[in-house]
Amino acid sequence: MSPGGIFVVLEGVDGSGKSTQARQVSEKLRQSGYKVLSTREPGGSKVSESIRDILLGDEELDVWTEAMLMAAARVEHCRRTVLPALADGVIVVSDRYIGSSLVYQGVSRGVDPDAIMRLNHLSPSVIEPDLVVLLDLDRPRKTPDATPFESRGPKYWYSVRDAYRELASRLDWMVLDASQSVENLSTQIQTAIHQIAFGRGLVTSVGE
């Protein structure tokens with residue numbers, strides 16, 4: 001359980017609309033009076049953004065190099081950004097988190113996801129989210145700016161999709177059909193967050 005606030009993570013294949021939903025949901029929650037921080041991985045802190053540049057650069061990296069860089073970026077993201085915000089009662093909405101490492105450096109590339117999980121939890125700063133939402137797609141969407149992970153071809157995309165579905169079932173994530181409208185998806189995610197907030201007694205600034 002997050003200390004004070006609520007930690008929400010959006011996961012999914014490239015083109016599933018995670019970034020759009022992170023922005024949409026964060027804005028709607030702010031309008032409802034909550035304190036909200038929208039962030040991303042890899043990234044979300046100064047050091048983590050520098051590591052992001054390496055991960056998304058032109059150099060082809062060994063899968064374990066990728067995994068360790070992702071884990072290092074995550075530790076700094078949590079330590080510098082996520083944990084302080086949660087301690088202040090903020091709802092943190094992150095575009096990707098550990099699930100992406102379990103899929104991109106784990107299942108889809110033949111590495112035991114349990115090993116990836118252990119690597120990420122070597123630091124006590126890396127906590128479990130309160131809610132993970134998988135935006136699920138049946139087939140690829142074209143995206144204007146393909147990253148090195150996205151440009152590995154359709155076969156790789158489907159392996160990532162299947163890995164996400166497997167993990168969602170195993171880890172009891174919330175799964176939503178990403179082919180729905182932006183508004184429908186946003187409403188369902190907000191409803192789930194509101195339910196957690198109500199259960200925690202997390203109040204908004206509305207009416208203050």
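Here are some notes on this predicted model, point by point.

1. **Ground rules.** Residues are numbered from 1 along each chain as its sequence is written, and side-chain values use heavy atoms, with hydrogens and water left out.

2. **Fold layout.** You're looking at 7 helices and 5 strands. In sequence order they run β-α-β-α-α-β-α-α-β-α-β-α. Both kinds of element are DSSP runs numbered from the N terminus: H or I over at least four residues for helices, E over at least two for strands.

3. **Overall dimensions.** The radius of gyration is 16 Å, which agrees with the value near 17 Å that a compact globule of 208 residues would have. That radius is taken over C-alpha atoms, and the globule rule is 2.2 Å times the number of residues to the power 0.38. Along the principal axes, the C-alpha atoms fill a box of roughly 50 × 35 × 30 Å.

4. Of the 208 residues, 51% count as buried (under 20% relative accessible area; exposed is over 50% and partly exposed lies in between, with a 1.4 Å probe and protein chains only). Take the contacts (heavy atoms within 4.5 Å) with a separation of 6 or more: 79% of them join residues 24 or more positions apart. The protein exposes about 10100 Å², and carbon and sulfur atoms supply 52% of that; the areas are Shrake-Rupley values with a 1.4 Å probe, and for residues only the protein chains shown count as cover.

5. **Charges.** There are 23 positive and 28 negative charges, and their mean positions are 2 Å apart. Lys and Arg count as positive, Asp and Glu as negative, while His and the chain ends are not counted. Each charge is placed at NZ of Lys, CZ of Arg, CG of Asp or CD of Glu.

6. **Nonpolar cores.** The largest core has 55 residues, and Phe7, Ile91, Tyr97, Tyr164, Ile189 and Ile193 touch the most other members. Helix 3 (residues 63–87) gives this core its largest share, 8 residues. Apart from it lies another core of 6 residues, including Ile51, Leu55, Leu61 and Leu69. A core here is a set of buried Ala, Val, Leu, Ile, Met, Phe, Trp, Tyr and Cys residues joined through side-chain atoms within 4.5 Å.

7. **Helix 5.** Asn120 sits in helix 5 (residues 113–120) and counts as buried because its relative accessibility is 2%. Setting aside neighbours within four places in sequence, Asn120 is in contact with Ala71, Arg74, Ile98, Ser101 and Val126. Asp114 is in helix 5 too, but at 33% relative accessibility Asp114 counts as partly exposed. Asp114 and Leu86 are 28 residues apart in sequence and 26 Å apart in space, C-alpha to C-alpha.

8. **Backbone spots to check.** The peptide bond from Glu41 to Pro42 is cis, with omega near -10°; Pro42 lies in the loop between strand 2 (36–40) and helix 2 (46–55). Arg96 is not a glycine, yet has a positive phi of about 85°. Arg96 is in the loop between strand 3 (91–95) and helix 4 (98–106), and counts as buried at 11% relative accessibility. Asp172, also not a glycine, has a positive phi of about 60°. Its loop runs between helix 6 (154–171) and strand 5 (174–177), and Asp172 counts as exposed at 70% relative accessibility.

Technical notes: Predicted model: local features only at pLDDT ≥ 70, side-chain atom pairs only at ≥ 80, totals over all residues.
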